[in-house]
Amino acid sequence: MNVQETVVFVLYLAFMLGIGFYFFFRDKNGGEKTYFLGDRKMGAWVTALSAGASDMSAWVLMGLPTSIYALGLGQVWVSVGLAVGYAISWLAIAPRLRRFSIVADDSITIPQYLTNRFRSASPALRVICAVVFLVAYTVYAASSIKACGNLFNTVFGIEAGTTAAVITMCVAAGIIITYTFLGGYSAVCWTDFFQGLIILGAMLLAPIFASFMLDTSNMCTAAQVAEQTPGYWNAFANWKDIVSGMGWGLGYFGMPHIIIRYMSLKSQKELKKSAKIGISWTVIILVFAAVIGIVGRIYMGYSEDIVGGELVFVTMVRHIFNGKFLSIISGILLSAVLAASMSTADSQLLAASSAFASDVYKPIIRKNKATDKQMLWAGRIVVLVISVVALLIAALPGTGTIMSLVSNAWGLFGAAFGPVIILSLFWKRFNFAGAVAGILAGAAVDILWLVFLSSLGIYEIIPGFIAGMAAAVIVSYCTKAPSADVEKLFDDAVTYKD
């Protein structure tokens, strides 16, 4: 165990907890809108970095670089697809979603927005959304907790699969639960803001320092790398890598914990500023994720231990900053992995809890008679339940890698909600029945493709997204057109100004 790294870790975790307690006491008299959406008072910088940090979980520091490290440049298409999808999401989806959510009775969750968008009294859409949320977010949160466990095992010298390793995952989950449980949306956004800065700094510094400080006498040549992994340097070797990689970008149109940030901005002016910051931050992160994987392969060679634990970034940092003083820097940079894990897990937990409290507990279980206090506690209980189940998934052997868990949850969200969100914002003829059909078809095809056809090598989000879009359009045309009231809402949202 490295004492300096441990001290940095403890201080970092204490700071995260401090933010949670601060917002708990500051907002203790706030209601549902305060806890779940921060009263729509978020500024450009906080929104941009928190959106990026909640998106870029540990897979961007552990899973993606290790995938590129092991398999080659064909995996870079994941970065390209994500960069393109994120930019389109900010530029096309964000402005309309913020306006539409305000006009649609000041909606504070995605399921609530979709229901209000069609002026429907039916609970069907809310229940379906909540079920998808709970399933996907549990898997997604498991990937973050697993990443924390892998990192703690490395820093503290704990063997994976032991009781001590499980305890480290429990500690990480407990800290995430605490500040999300106490501080709600404001705590999540501000912790994500600071974590976003740490992630950016770590990903910029690690490959730059590696190029100067790692032992060049043992570095692999390009030819040696190609000999070890044929086709490593050919990004165009496999068309399936290109299609699947670009398909990752579709996830941004339906990722609730990311697009909810668009709804929380205090003005359209702030949104434009936030878009520039968010897109720039994300593109830099994705570029350097690829650089870390390539530099790691050249300077450290191929290692089954690195691939198995998805530890190319962690191993690189510990090789570079090896020494008493340098270990402090190592601790700060490795805290970026914690930052990435926590910044995503907290957002997922809050999005799932808000969906259950606002879209199931209040309108269905309590028949719209729930008080603000009851709503807050319903949401907090869901945070606890999802965290416990996610912890069990992460601790079980054979549950998959960090990257595979993220891939499964990402595909489900993108296929289920992406087509419906796009159509709700840009198609006036879109109706409630089409939205229900789109979510069900997208989710079903995504899951079935993953279970039965994943061997084809095409990412399941692509057939799922196509099926969801087709079902939504066909059912909308085959059922009754929206009422005049719904069409008026669409027109009002398009022209809304603040």
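Start with helix 8, which gives the largest share of the lining of the second largest cavity, three residues. Helices here are DSSP runs of H or I with at least four residues (strands: E, at least two), numbered from the N terminus.

Before you click further, note that this is a predicted model, where local features need pLDDT of at least 70, side-chain atom pairs count only at pLDDT 80 or more, and totals for chains, interfaces and linings use all residues. Residues are numbered from 1 along each chain as its sequence is written, and side-chain values use heavy atoms, with hydrogens and water left out.

**Stop 1: the second largest cavity**

Select A141, I145, A173, I176, I177, A345, L349 and S387 to see the lining. Two or more of the lining residues come from each of helix 7 (124–156), helix 8 (163–213) and helix 15 (326–365). The space inside is about 40 Å³, and by class the lining has seven nonpolar residues, one polar and no charged. Ala, Val, Leu, Ile, Met, Phe, Trp, Tyr, Cys and Pro count as nonpolar, Asp, Glu, Lys and Arg as charged, and the others, Gly among them, as polar. The structure holds two cavities of 30 Å³ or more.

What counts as a cavity, and what as a pocket? On a 1 Å grid over the protein atoms alone, a cavity is a set of points where a 1.4 Å probe fits but cannot get out, while a pocket is an open set with protein on both sides within 12 Å along at least five of seven lines; lining residues have an atom within 4 Å of a point. Grid points are joined across faces, edges and corners, and a volume is the space filled by probe spheres set on the points.

**Stop 2: the largest pocket**

Now select S67, L71, Q75, M403 and S407, the closest to the pocket's centre of the 30 residues that line it. About 670 Å³ of space lies in this largest pocket. Helix 4 gives the most to the lining, six residues. Colour helix 4 (63–71), helix 10 (239–247), helix 13 (304–309), helix 17 and helix 18 (432–453) to show the elements that each give two or more. The lining is made up of 11 nonpolar, 15 polar and four charged residues.

**Stop 3: helix 17 against helix 18**

Keep these two helices on screen: they pack at about 155°, with axes 7 Å apart. Axes are lines fitted to C-alpha atoms, for helices over the stretch in contact, and angles run from 0 to 180 degrees between N-to-C directions. That makes helix 17 roughly antiparallel to helix 18 (under 35 degrees is roughly parallel, over 145 roughly antiparallel, 65 to 115 roughly perpendicular, the rest oblique). The crossing is right-handed; that term applies if the near helix is turned clockwise from the far one by less than a right angle, and left-handed if anticlockwise.

For the contact (heavy atoms within 4.5 Å), pick N408, G411, L412, A415, A416, F417 and V420 in helix 17, then A435, G438, I439, G442, A443, D446, I447 and L450 in helix 18. By class, that contact has 10 nonpolar, four polar and one charged residues.

**Stop 4: helix 6 against helix 17**

Next, bring up helix 6 (residues 110–117) beside helix 17 (residues 402–426), at about 40° with axes 11 Å apart. That makes helix 6 oblique to helix 17, and their crossing is left-handed.
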